Amino acid sequence: MRETVKQILEAEGIDLFGILPADSLTVINPKLMPPWVRSAIILAVPYDDGSVYTDGVSAYAHITDYHLYFKGLFDRIIPKLEEAFPVKHFFGSADHSPIHEKEAAAKAGLGVIGMHSMLINERYGSYLFLGSVLTDMETQETAGEVLSCTGCGACLAACPGTALSVEGMSPEKCLSALSQKKRLTEEEAALIGAQGIAWGCDRCQEICPLNADREFTRVPFFKEHRHGDFSAEEVAKMSDEEFRRFAFSWRGRARILENLSNLENLVKQRKNP
Ligand code: B12
Ligand code: SF4
Ligand code: SF4
């Protein structure tokens, strides 16, 4: 199984994958979990190409939405898997997934779990998207132990939301979550603005020494479908079709527009107090 899966994924430029038996998966969304699952192919896809952005929008949101990438990927690889293996079911998902993807990736040997709660691969660091293909194929592969990062604590000190502690991550304090809320109070808008955030947050990844010498993505999609800095004016003028290409579109145009405008106004005020 492994060799055939490897060849299918290599054709997509993906070199990080693992196979797990179903009983090692943690189901976080039972409604999405099919009853026939016997194993899972876990994928980690590096997306960073070293680009630097100054608009307060997280690196991952500068690329065409990764949900669209995974949809295209599954549409291409599932027919190949169906042809290669004599089983009935393959179900691809990413993010909106039945399983705890970071834990699965760690058990599949794709990396360690950082104190910031993300998976860190030894070659590509943490700038990865995770996905999986659930199948009804039996596997002899076994799950490995979930290993932790070095625990240097740099991400805890750098977190602008004080969301990270030795006990774990408090999602409700994370400024990435705050920047994606439907409505923000004035205080909340001021908080993310003061931190230079318009959408998402990469602070805990930027500071992490395990990201320092990372390799960049080789996946063509993440090299080609990349947008430079966004401005409120540009986002306001985008057609609906263009706007839907980006990961921030799920929250509607008002959120990203307000966040970008707030930040742009703050920068102007700082230049001309
Ligand atoms: C919900 C979600 C979020 C939420 C909450 C994150 C969280 N850690 O809980 C928000 C919006 C904050 C978020 C932000 C981001 N996310 Co997110 N997110 C998810 C999603 C959809 C589900 C995660 C989840 O709920 N897991 C279940 C919970 C129980 O497990 P956990 O995440 O490990 O949570 C632990 C801690 O949060 C802690 N905890 C929970 N509650 C509390 C409360 C307190 C008080 C304390 C102390 C601890 C604590 O205990 C939990 C169990 O150990 C996953 C995709 C998936 N299906 O797995 C992507 C995912 C984890 N996100 C991802 C990314 C890229 C990001 C961002 C980098 C995006 C950005 N640039 O802004 C940030 C990073 C923030 C961070 N440091 O984790 C990637 C991570 C890739 C990787 N290398 O690991 C994933 C896997 C998406 C994907 N398909 O690629 N995310
Ligand atoms: S994404 Fe930002 S706010 Fe959230 S845990 Fe990381 S550094 Fe803290
Ligand atoms: S900054 Fe240090 S503690 Fe945080 S994830 Fe990276 S190695 Fe782990």
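## The shell around ligand 2

In this predicted model, the shell around ligand 2 is made up, by class, of seven nonpolar, no polar and one charged residues, where Ala, Val, Leu, Ile, Met, Phe, Trp, Tyr, Cys and Pro count as nonpolar, Asp, Glu, Lys and Arg as charged, and the others, Gly among them, as polar. The residues around the ligand, each with a heavy atom within 4 Å of it, are C159, P160, L164, C174, L175, C201, R203 and C204.

The model is predicted, with local features needing pLDDT of at least 70, side-chain atom pairs counting only at pLDDT 80 or more, and totals for chains, interfaces and linings using all residues. Residues are numbered from 1 along each chain as its sequence is written, chains are lettered from A and ligands numbered from 1 in the order in which they are written, and side-chain values use heavy atoms, with hydrogens and water left out.

## Strand β1

Strand β1, a DSSP run (E, at least two residues) covering residues 17-21, has five of its five residues buried, that is, under 20% relative accessible area with a 1.4 Å probe and protein chains only. F17, I19 and P21 lie on one side and G18 and L20 on the other, and both faces are covered.

With strand β2 (residues 39-46), β1 pairs in the antiparallel sense over five bridges, pairing being counted where DSSP finds at least two bridges. Within this pairing, I19 stands opposite I41 in β2.

Note on methods:
Buried means under 20% relative accessible area, exposed over 50%, partly exposed in between (1.4 Å probe, protein chains only). Helices (H or I, at least four residues) and strands (E, at least two) are DSSP runs, numbered from the N terminus.
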